[in-house]
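Here are a few notes to read alongside the model. Have a look at it first, then go through the points below.

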Amino acid sequence: MKNIQQIVSRADIHDHMKSLWRTDAFKDSYARGGLVYRIVDRFAALPRFFYDMSDEYLERAHFSLWWSGIGYRQYDKGSCNDLYLLHELAHGADMIHLEGQHPDSFARKMQDNELYASTVTEIMVYFDMPELRAMTFPTEIFADRFLKDGGLQQRWQEEPDRLTTELYYRRRHAMFWPKEGDAIEQWLHSFTAQNQRWFDIWRQNYDSVETAMARLTRAAFTGDRKGALQRHLDWLHEKAGGGDIPFRAEAAAFAPAYWQNRNPAIEKKVAAA
């Protein structure tokens, strides 16, 4: 975690995100107040920071958005860049932090947040930006099962929040109870073991992050966004123990599970397609 950029005000966060979108689809969704704008606006409720990764193997898997930071990634394909950023923003837009939670309550909260971010960036983006589908993945994706349904398209126009909730539960069902022989649902299901591994690694230390983020939230909403973010970054530097990566032990423990479900060579090929 290096070259940290502190983005404090809501307006500055909006401006920063406008500078990062690479595709016309995302720029247009933002400009017309569509899905992209709404997520950015909710994400901007807290001060944020962006950074370059010191060690991509460890930090790409580390979920720094949980503590209000987004690491830059390099994608040749603009749609992959924009989808990655929106996914991180969706996490932040939906994330609530509560100190003193029971471990099972914390795990369910984080699971729900991941499902929300995934539903937004794997399905709902294509309802909001129909032209985006042709710019992304050449093979079938889970969203394709819904996009050709005229009734769902009409519902997106009339009740987008309710449709998002319905497709959230459809994705959740596919992830936890996949159909036998359904390659896409089985692939979604493969992430349940990865998520459980993350919960197991953080079980003894998750409350330190939740407490720090709850503190940041309270301070930010009393008007001290700049001071709150600086104190938060000071805390993260303490957790880095003189290095660049906060909670390095947890990062090193989780990275193998993260990369097991990903093939960097394939990812690079898809991103550049």
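**Notes on the predicted model**

1. Start with the α12 and α13 pair: Ser208, Val209, Ala212, Met213, Arg215, Leu216, Ala219 and Ala220 in α12 touch Arg225, Ala228, Leu229, Arg231, His232 and Trp235 in α13 (contact means heavy atoms within 4.5 Å). That contact splits into 9 nonpolar, 2 polar and 3 charged residues.

2. A word on ground rules. This is a predicted model, where local features need pLDDT of at least 70 and side-chain atom pairs count only at pLDDT 80 or more, while totals for chains, interfaces and linings use all residues. Numbering runs from 1 along each chain as its sequence is written, and side-chain values use heavy atoms, leaving out hydrogens and water.

3. Back to the pair: α12 (residues 206-221) and α13 (residues 225-240) pack at about 165°, axes 8 Å apart. They are therefore roughly antiparallel (angles over 145 degrees).

4. Which residues of α3 (residues 35-43) are buried? Leu35, Val36, Ile39, Val40 and Phe43 (buried means under 20% relative accessible area, with a 1.4 Å probe and protein chains only). They span an arc of only 130° around the axis, so they sit on the same side of α3. Their cover includes α1 (10-20), α2 (24-31) and β2 (48-52).

5. Most residues other than glycine have a negative phi. Asparagine 3, in strand β1 (residues 2-7), has a positive phi near 55°, and serine 68, in the loop between α4 (56-59) and β3, has one of about 85°. Asparagine 3 is exposed at 51% relative accessibility (exposed means over 50%), whereas serine 68 is buried at 0%.

Note on methods
Axes are lines fitted to C-alpha atoms, for helices over the stretch in contact, and angles run from 0 to 180 degrees between N-to-C directions. Helices (H or I, at least four residues) and strands (E, at least two) are DSSP runs, numbered from the N terminus. Angles under 35 degrees count as roughly parallel, over 145 as roughly antiparallel, 65 to 115 as roughly perpendicular and the rest as oblique. Ala, Val, Leu, Ile, Met, Phe, Trp, Tyr, Cys and Pro count as nonpolar, Asp, Glu, Lys and Arg as charged, and the others, Gly among them, as polar. The arc is that of the directions from the helix axis to the C-beta atoms.
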